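Let us read a structure together, one feature at a time. Keep the sequence and the model in view.

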Amino acid sequence: METVWTDKKRWGFLGLPWTFTRYTLTEEKFLVDSGFFSKKQDEIRLYRILDLSLRRGFGQRMFGLGTITCVTADKTCPNLVIKNIKNSQDVKEQLSELVEVERERKRVSSREFISSHDVDEDDDDDYSR
């Protein structure tokens with residue numbers, strides 16, 4: 001399996017990679033390796049990622065960092081937070097494209113349900129029928 005991207009979680013201070021968390025993106029999955037004495041690895045299959053968002057606070061922008069949050073259908077890691085990484089916009093776009101490719105390859109589709117709470121009162125009545 002070919003590695004597409006890898007980086008370490010960085011400190012917000014100066015953007016230095018002085019942590020024991022490594023992120024790895026392959027064509028099929030996203031891996032989070034963490035720990036020094038006691039090691040842990042989380043694996044999220046890309047087709048299980050439902051939503052991506054990017055947050056770049058002022059301090060993060062100063063050091064060229066960002067945090068990507070992935071909402072997943074994974075039971076052990078429903079909210080994957082990829083903290084303080086360089087080139088976060090590019091990584092998010094690359095991850096998004098790979099998710100779509102993997103979902104198409106696996107023939108996985110997601111269905112979105114709109115409840116009456118999701119519709120504003122000012123919207124047309126067509127949505128509430």
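**Reading the aromatic rings and the sheet**

A: W5, Y23 and F30 form one aromatic cluster. This is a predicted model: local features need pLDDT of at least 70, side-chain atom pairs count only at pLDDT 80 or more, and totals for chains, interfaces and linings use all residues. Residues are numbered from 1 along each chain as its sequence is written, and side-chain values use heavy atoms, with hydrogens and water left out.

Q: How many aromatic pairs are there by the rule?

A: A pair of aromatic rings is described by the distance of the centres and the angle of the planes. Rings of Phe, Tyr and Trp (its six-membered ring) pair if their centres lie within 6.5 Å; planes under 30 degrees apart count as stacked, over 60 as edge-to-face and the rest as tilted. Here the count is four aromatic pairs. In one of them, F20 and F36, the ring centres are 4.8 Å apart and the planes stand at 45 degrees, so the pair is tilted. F20 sits in the loop between strand 1 and strand 2, and F36 in the loop between strand 3 and strand 4, so the pair ties together parts that are 16 residues apart in sequence. Y23 and F30 have ring centres 6.1 Å apart and planes at 40 degrees, so this pair is tilted.

Q: Is Y23 buried or exposed?

A: Buried means under 20% relative accessible area, exposed over 50%, partly exposed in between (1.4 Å probe, protein chains only). Y23 is buried, at 2%. F30 is buried, at 1%.

Q: What is the strand order in the open sheet?

A: Strands of a sheet pair through backbone hydrogen bonds, either parallel or antiparallel. Strands (E, at least two residues) and helices (H or I, at least four) are DSSP runs, numbered from the N terminus. Two strands pair if DSSP finds at least two bridges between them. This open sheet has four strands in the order 1-2-3-4, with antiparallel pairing. Strand 1 (3-8) and strand 4 (40-45) are the edge strands, each pairing on one side only. Five bridges join strand 1 to strand 2 (residues 21-26). K8 has R22 in strand 2 as its bridge partner.

Q: Which helix packs on the sheet?

A: Contact means heavy atoms within 4.5 Å. Axes are lines fitted to C-alpha atoms, for helices over the stretch in contact, and angles run from 0 to 180 degrees between N-to-C directions. Helix 2 (residues 88-106) touches strand 1, strand 2 and strand 3 (29-34). The direction of helix 2 makes about 140 degrees with that of strand 1.
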